[in-house]
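Good morning, and thank you for joining this meeting. I would like to take you through one structure, with its sequence alongside.

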Amino acid sequence: MSDGPTYGFDTLQIHAGARPDPATGARQTPIYQTTAYVFRDADHAAALFNLQEVGFIYSRLTNPTVAVLQERVATLEGGVGAVCCSSGHAAQIMALFPLMGPGCNVVASTRLYGGTVTQFSQTIKRFGWSAKFVDTDDLEAVKDAIDENTRAVFCESIANPGGYVTDIRALADVADAAGLPLIVDNTSATPYLCRPIEHGATLVVHSTTKYLTGNGTVTGGCIVDSGKFDWSANDKFPSLSEPEPAYHGLKFHETFGPLAFTFHGIAIGLRDLGMTMNPQAAHYTLMGIETLSLRMERHVENARKIAAWLEADDRVDYVTYAGLPSSPYHDRVTAHYPRGAGALFTFAVKGGYDACVKLVNALEIFSHVANLGDARSLIIHSASTTHRQLTPEQQEAAGAGPGVVRVSIGIEDADDLIADLDQALSKASA
Ligand SMILES: Cc1ncc(COP(=O)(O)O)c(C=O)c1O
């Protein structure tokens with residue numbers, strides 16, 4: 001699309017980043033199923049390898065199909081650039097990689113996807129990094145947790161699984177005052193419901209595996225850069241502000257300005273960590289994004305109906321959906337997430353752990369899977385699966401205690417989903 005008028009979300013989700021294929025006129029973005037790209041001549045190759053010219057070298061770094069997806073997600077999130085990679089977890093490592101070094105820490109919300117809690121509390125230690133977990137509603141606790149070795153603050157916009165909604169602006173202000181970037185995992189909200197950069201986030205990460213693709217076909221991740229952070233304001237981010245030996249002393253921030261993080265992600269991150277998205281995955285995700293707004297509207301509409309029905313049911317103890325008027329986050333949702341609180345929430349079944357297991361086994365339309373953000377409705381007992389590696393305290397803090405199940409409400413007929421829950425709850429409480 002040309003740099004002309006500003007288009008609406010529904011137009012951008014179909015067109016941003018894409019143009020008819022220059023070689024064939026193909027209207028849909030082709031799947032460039034190629035590993036390498038022929039250089040025009042030796043000078044062209046040298047310029048590409050020196051980062052003096054932007055182009056395609058090798059698909060571990062760049063690929064035209066993936067590039068369209070990068071531009072599309074960056075546009076929808078209101079960022080200046082994006083780097084796609086092989087999964088949401090890869091995106092988290094890729095986001096932290098330029099910021100961290102041995103001895104550095106990230107201050108992270110306690111309310112995160114269980115896999116992220118494990119990645120941050122266990123795996124990153126092997127790089128000499130660490131995480132400090134805090135309740136991000138307690139801004140004083142966040143301030144106290146930040147020390148001279150902190151390099152980022154990390155949260156989810158709508159947290160998986162608990163129906164918790166972050167006040168991104170308040171957290172961004174705390175990070176900003178400490179000279180730190182705020183990284184927001186926007187997987188559950190998607191840019192249709194929330195654009196964290198507008199609320200002060202520096203970087204946005206996604207598991208594109210979920211709502212962006214929307215059909216449970218491929219794994220992928222993406223990091224979007226706001227382009228607004230001054231990486232040279234202090235000496236905390238030498239990978240971006242200091243000379244890079246692998247590129248003859250090039251300084252990413254000085255050379256690429258607002259695109260420094262994106263260029264670093266491709267030229268160093270993908271080149272050396274190799275967590276690359278393949279063009280087939282990019283294709284499926286591009287197909288999914290074309291209908292993102294339509295799907296999210298239906299996801300939210302169904303989630304509202306089903307959460308209200310569950311809340312009124314005697315067999316259910318409580319429902320954590322932030323879109324319910326009874327939610328402690330209802331005002332925050334109205335102010336910051338006006339299109340709705342997503343379609344992911346937990347509910348507690350009377351009868352605890354055993355009743356949860358019976359419910360999951362009895363459902364017919366809901367699939368029992370470790371995934372979310374599919375067009376299909378999904379359910380999981382987080383404590384025994386996705387959050388299994390966490391301590392009981394961490395499970396409770398994440399909203400994934402043993403007595404709750406997590407649902408990802410799909411876009412089927414809400415009445416059919418309610419009927420399915422009704423019959424399964426009867427079996428669970430029998
Ligand atoms: C909120 C959130 N972030 C990140 C991830 C990790 O994504 P992936 O499975 O694509 O690595 C998940 C996975 O469930 C998630 O729910």
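This is a predicted model: local features need pLDDT of at least 70, side-chain atom pairs count only at pLDDT 80 or more; totals for chains, interfaces and linings use all residues.

**Helices, a ligand and some buried residues**

Let me begin with helix α7, residues 168-177, whose buried residues are I168, A170, L171, A172, V174 and A175. Buried here means under 20% relative accessible area, exposed means over 50%, and partly exposed is in between, with a 1.4 Å probe and protein chains only. Helices (H or I, at least four residues) and strands (E, at least two) are DSSP runs, numbered from the N terminus.

Residues are numbered from 1 along each chain as its sequence is written, and side-chain values use heavy atoms, with hydrogens and water left out.

To return to α7, its buried residues pack against α6 (139-145), β4 (150-156) and β5, where contact means heavy atoms within 4.5 Å. Just after α7, G179 takes a positive phi of about 70°.

Helix α13 comes next. This helix covers residues 292-311, 20 residues in total, and spans 28 Å from its first C-alpha to its last, close to the 28 Å expected at 1.5 Å a residue. The expected span is 1.5 Å times one less than the number of residues. Among the buried residues of α13 are L292, M296, H299, I306 and L310. The elements that the buried residues of α13 pack against include α1 (9-15), α12 (279-289), β9 (344-349) and α17 (414-428).

I now turn to the ligand. Which residues are closest to the ligand? They are G88, N160, D185, S207 and T209, out of 14 residues that surround it; a residue counts as near if one of its heavy atoms lies within 4 Å. Helix α4, residues 88-96, gives the most to this shell, with 3 residues. The shell divides into 2 nonpolar, 9 polar and 3 charged residues. In this scheme Ala, Val, Leu, Ile, Met, Phe, Trp, Tyr, Cys and Pro are nonpolar, Asp, Glu, Lys and Arg are charged, and the others, Gly among them, are polar.

A polar side-chain atom of D185 lies 2.6 Å from a nitrogen atom of the ligand. For S207, a polar side-chain atom lies 2.8 Å from an oxygen atom of the ligand, and for T209 the distance from such an atom to a ligand oxygen is 2.6 Å. Taken alone the ligand exposes 390 Å², and the protein buries 90% of that; these areas come from the Shrake-Rupley method with a 1.4 Å probe, and for residues only the protein chains shown count as cover.

S188 lies in the loop between β5 (182-185) and α8. Why is S188 counted as buried? The reason is its relative accessibility of 4%. S188 touches I158, N160, Y211, M296 and L344, not counting residues up to four places away in sequence.

Q119, in helix α5 (residues 114-121), is also buried, with a relative accessible area of 7%. The backbone oxygen of H89 lies 3.1 Å from a polar atom of the Q119 side chain.

L378 belongs to strand β11, residues 378-380, and counts as buried at 3% relative accessibility. L378 and S367 are 11 residues apart in sequence and 4.8 Å apart in space, C-alpha to C-alpha.

Terms used. A polar contact is a pair of N or O atoms within 3.5 Å; within protein, one must be able to donate a hydrogen and the other to accept it, and residues adjacent in sequence count only if both atoms are side-chain atoms.
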